[in-house]
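Here is a short report on selected local features of a protein model. Please keep the sequence and the structure open while reading.

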Amino acid sequence: MTQTQKVLVTGATGTVGRQVVAELLARGHAVRALTRDPAKAAFPDGVEAVRGDLTDPDSLAPALEGVTGLHLITFGGAFFAPLETGPRILELARAAGVRRVTVLHGGGPSPLEDAVRADDGVDWTVLMPVEFMSNALEWAPGIVDADEVREPFVGRLSAMVHEGDIGAVAAVTLTEEGHAGREYVITGPELLTVGDKVAVLAAARGREISLAELTREQAVAQWRAAGQPEDAIGFLLEMYGNTPEVGRTVVDTVEKVTGRPARTFAEWAAEHAAAFGATGAA
């Protein structure tokens with residue numbers, strides 16, 4: 001039985017942060033969740049919500065008291081700019097007696113992740129998940145309104161990962177020995193095309209979904225109409241049109257770290273079927 005520990009989770013209201021919180025609670029650990037506005041943050045019972053801002057590292061000092069583990073994200077503030085405050089955050093963490101740190105890789109180089117990797121005063125682990133299964137929620141409005149998904153590059157492969165599995169890997173590495181200095185790529189258990197994903201969602205909701213393949217030009221127009229900035233559109237074109245090998249290669253990190261297999265997209269779809277207009281859903 002793992003001894004109960006207290007962990008501070010930053011980015012706790014985000015897609016992954018909420019899963020880190022949930023997994024730590026499920027494993028019997030005490031959780032402190034950092035947020036800029038505790039009054040608006042809805043966390044499960046037993047979570048201690050504390051005020052703090054990663055762009056103002058000294059605001060974290062009270063939150064770090066009595067904490068053994070710290071989960072970090074690489075961006076902060078109202079505009080999600082890359083954080084430059086890593087060295088000070090880690091200085092405060094060491095002073096507070098934090099032993100383990102995880103950092104969620106943001107998809108590219110970041111000053112905060114660089115600071116974590118360079119720190120020899122804590123046991124750090126970098127978490128590098130591939131495409132989130134929750135990205136499929138972007139299709140929900142089109143599926144609910146028109147029973148349709150409109151996407152380019154529909155043959156692209158993805159080893160997409162359940163966000164709960166990212167949280168599970170984080171929870172283990174934050175509370176158990178043996179993960180210091182590791183870089184963990186985190187994937188799901190299978191490779192899926194866009195067509196595969198659509199078929200899984202259709203089965204989960206009990207009704208067919210059509211797939212319309214867009215040309216590159218049609219996709220750009222659709223993303224612009226949705227308000228996507230040009231740099232984001234360029235990123236999507238590169239990722240979808242030329243998916244890096246790491247994003248289309250299944251690895252067994254989840255099972256090795258947590259002791260159980262990674263969850264499938266079918267499991268995720270069943271959990272979120274209502275968002276896609278499931279037959280009989282409330």
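## Terms and basis

Contact means heavy atoms within 4.5 Å. Helices (H or I, at least four residues) and strands (E, at least two) are DSSP runs, numbered from the N terminus. This is a predicted model, in which local features need pLDDT of at least 70, side-chain atom pairs count only at pLDDT 80 or more, and totals for chains, interfaces and linings use all residues. Residues are numbered from 1 along each chain as its sequence is written, and side-chain values use heavy atoms, with hydrogens and water left out.

## Helix 4

Helix 4 spans residues 111–118. Its residues Leu-112, Glu-113, Ala-115 and Val-116 are buried (under 20% relative accessible area; exposed is over 50%, partly exposed in between; 1.4 Å probe, protein chains only). They sit on the same side of helix 4, because they cover an arc of only 155 degrees around the axis. That arc is taken from the directions from the helix axis to the C-beta atoms.

What covers these buried residues? The cover includes strand 4 (69–72), helix 3 (86–96), strand 7 (100–104) and strand 8 (123–129).

## Leu-34

Leu-34 lies in strand 2 (residues 30–35). Its relative accessibility is 6%, so Leu-34 counts as buried. Leaving aside neighbours within four places in sequence, its contacts include Leu-8, Val-9, Val-50, Leu-54, Leu-60 and Ala-63. Leu-34 and Ala-269 are 235 residues apart in sequence and 29 Å apart in space, C-alpha to C-alpha.

## Aromatic pairs

Rings of Phe, Tyr and Trp (its six-membered ring) pair if their centres lie within 6.5 Å; planes under 30 degrees apart count as stacked, over 60 as edge-to-face and the rest as tilted. The count comes to 3 aromatic pairs. One of them, Trp-268 with Phe-276, is edge-to-face, at 6.1 Å centre to centre and 65 degrees between the planes. Both Trp-268 and Phe-276 are buried. Phe-265, Trp-268 and Phe-276 form one aromatic cluster.

Most residues other than glycine have a negative phi. Asp-147 has a positive phi, near 55 degrees. Asp-147 is found in the loop between helix 5 (140–146) and strand 9. At 28% relative accessibility, Asp-147 counts as partly exposed.

Phe-153 also has a positive phi, about 50 degrees, and is not a glycine. Phe-153 is in the loop between strand 9 and helix 6. Its relative accessibility is 24%, so Phe-153 counts as partly exposed.
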